[in-house]
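Dear colleague,

Please find below the structure that I am handing over to you.

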Amino acid sequence: MKIAVVGTGYVGLVTGACLAKVGHTVSCVDIDQEKIKKLKKGIIPIYEPGLDKVVKEVAKKGKLVFDISLKKVLPDVEAIFIAVGTPAKKDGKADLQYVHAVAKEIGENIKDFKVIINKSTVPVGTAKEVKNIILKTYKGKFAVVSNPEFLKEGYAVTDFMKPDRIVIGCDDKQAKKIMQEIYKPVKGKKVFTTVQSAEMIKYASNAFLATKISFINEIANLCEKVNADVKEVSHGMGLDQRIGKSFLSAGIGYGGSCFPKDTSALNQIAGTKGYDFRLLKAVIEVNAKQRQSVIDKLEQIFGNLKNKRIAVLGLAFKNNTDDVRESAAIDIIRMLTGVGARVKAYDPKANDNAKEILNSGVKITNDPYEAIKNADALVIATEWPEFANLDFHKIKNLLKQPIIIDGRNLLNSIIIKKLGFQYYGIGRA
Ligand SMILES: NC(=O)c1ccc[n+]([C@@H]2O[C@H](COP(=O)([O-])OP(=O)(O)OC[C@H]3O[C@@H](n4cnc5c(N)ncnc54)[C@H](O)[C@@H]3O)[C@@H](O)[C@H]2O)c1
């Protein structure tokens, strides 16, 4: 099938490349001319393991092309995925301006039946809004479907190819057939729902995962007070199949381009309907507070942090990605510099993205040991496995004081303590 994907970010590019890999012919469209220029040259603008290979393979076969004009590719395709950003506005609501702009462009250029598929995360009712925008300029038949995306950055290609489920909110028979055809080659349970339920499933899923994280972080904070170890506690809890192991790692809180904005948006949706979503509000509050635990630990050790040199390992919001949006590491660096500390940081993939958003007072190095040299303490802020394999003998010699705050409980605390470090995890005995 011929398909257009609008937006070539983490979701759009993965969707386009993977749909081409399973046999469709895909045009990926983006208004960012630089991005499209790079993609046409075979340069992938984001770090996402395995994506490079898929894009190159399908582009070579002519199954995936890139364009800046939706108008140009529209006549040829049966289905259009909308995968543009839906960032949070200041008040926490989802900013739908990019989705609306694409809907307007489709309305102005559509000439026959198309299925318009919303892959962006959007509030319940957005499919209807998209439909109304298109209807302003096009009176023919078309369908708007909700098909939220559940991929995890860092594992996006695998998640797309082998999803736990594919949720399709669809009220139109012809569109349902087209959706079945699009996803026929992808293994994974297809769940057909109403459009509104599909839109809600995405927010409910992310809010639930965020709740698990905030819950275990609260348990971690309590563990510190009762001398229990949250790693042992979460292991013991996670073996219960009703609970499950995932999303039970205590740390400095969730970040990224999805959980913070999606929890805020869901809270806003509830508010506009006069519903007080108390649990979700607590989840958001606990998460914001969790960053502070690193600063608190350092202040307990040093008192005042003014002019203290702190090395921070990790800038990405999690490992295996270069994405620094809403990263806890970035928040912590800002909090540290806010109280006068001097920060040197390192990340294996996210240095360039971090430089764009951090002020120039924060030194970012290309070598972890360079960041650590002469620091008063080391903070681990992202769970890159390679940090656990660093030479800790060398680190002990480089640090002014052998102090480690492990914000991700990544290191083996017993070994690290044996090496002579003062080790502080999150929720560790
Ligand atoms: N990143 C994730 O892990 C993830 C996972 C699931 C769902 N989502 C959701 O998917 C959506 C996209 O997220 P993302 O991380 O890929 O965003 P992104 O910011 O990485 O990419 C969005 C892209 O859309 C392009 N764009 C904006 N307006 C456009 C227009 N009018 N025409 C063409 N292109 C346009 C931008 O230039 C950008 O390249 C969001 O709603 C997000 O919440 C993201």
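The notes below go through the nonpolar cores, the ligand site and several individual residues.

Please bear in mind throughout that this is a predicted model.

**Nonpolar cores**

The largest nonpolar core comprises 58 residues. Within that core, Leu298, Val312, Leu315, Leu336 and Ile395 have the most contacts. Helix H14, which runs over residues 328-338, gives the most to this core, with 6 residues. There is also a second, separate core of 43 residues, and Val14, Leu39, Val58 and Phe160 are among its members. As background, nonpolar side chains in soluble globular proteins tend to be buried together.

To return to Ile395, its contacts beyond four places in sequence are with Tyr369, Ile372, Leu378, Leu390 and Phe421.

**The ligand site**

Which residues are closest to the ligand? The shell around the ligand has 25 residues, and the closest are Asp30, Lys35, Thr86, Glu153 and Lys261. Two of these can be described in more detail through their side chains. Asp30 places a polar side-chain atom 2.6 Å from an oxygen atom of the ligand. For Thr86, a polar side-chain atom likewise lies 2.6 Å from a ligand oxygen. Thr121 takes part through its backbone, with an N or O atom 2.9 Å from an oxygen atom of the ligand.

On its own the ligand has 840 Å² of accessible area, and the protein covers 90% of that. Helix H1 (10-21) and helix H5 (97-109) are the elements that give two or more residues to the shell. Sorted by class, the shell consists of 10 nonpolar, 7 polar and 8 charged residues.

**The start and end of helix H2**

Helix H2 spans residues 33-40. At its start, a side-chain oxygen of Asp32 comes to within 3.1 Å of the backbone nitrogen of Glu34. After H2 comes Gly42, with a positive phi near 85°.

Most residues other than glycine have a negative phi.

Asn320 has a phi near 70°, a positive value in a residue other than glycine. Asn320 sits in the loop between strand E9 (309-313) and H14. With a relative accessible area of 19%, Asn320 is buried, because the limit for that class is under 20%.

Glu326 also lies in the loop between E9 and H14. The phi of Glu326 is positive, about 55°, although this residue is not a glycine. Is Glu326 buried, exposed or partly exposed? Its relative accessibility is 48%, so Glu326 counts as partly exposed.

**Arg291**

Arg291 belongs to the loop between helix H12 (278-290) and helix H13 (292-302). Although it carries a charged side chain, Arg291 counts as buried, at 5% relative accessibility. Apart from neighbours within four places in sequence, Arg291 is in contact with a list of residues that includes Ile252, Gly253, Gly255, Glu326, Ala328, Ile332 and Met335. Tyr254 and Asp331 are on that list as well. The backbone oxygen of Tyr254 is 2.9 Å from a polar atom of the Arg291 side chain, and a polar contact of 3.0 Å links the side chains of Arg291 and Asp331.

**Asn351**

Asn351 is part of helix H15, residues 351-357. Asn351 counts as buried, at 6% relative accessibility. Not counting residues up to four places away in sequence, Asn351 touches Leu315, Tyr346, Ile364, Thr365 and Asn366. With Asn366 there is a polar contact of 3.5 Å between the two side chains. Leu315, for its part, is one of the residues with the most contacts inside the largest nonpolar core.

**Lys418**

Is Lys418 buried or exposed? Lys418 is in helix H19, residues 413-418, and is exposed, with a relative accessible area of 72%. From Lys418 to Ile80 the distance is 58 Å, C-alpha to C-alpha, and the two are 338 residues apart in sequence.

With kind regards

Definitions and conventions: Residues numbered from 1 in each chain as written. Predicted model: local features only at pLDDT ≥ 70, side-chain atom pairs only at ≥ 80, totals over all residues. Heavy atoms only, no water. Core = buried A, V, L, I, M, F, W, Y, C linked by side-chain atoms within 4.5 Å. Buried < 20%, exposed > 50% of the residue type's maximum accessible area, 1.4 Å probe, protein only. Helix = DSSP H or I, 4+ residues; strand = E, 2+ residues; numbered from the N terminus. Contact = heavy atoms within 4.5 Å. Near = heavy atom within 4 Å. Polar contact = N/O pair within 3.5 Å; in protein donor to acceptor, adjacent residues only side chain to side chain. Areas by Shrake-Rupley, 256 points an atom, 1.4 Å probe, with all protein chains shown as cover.
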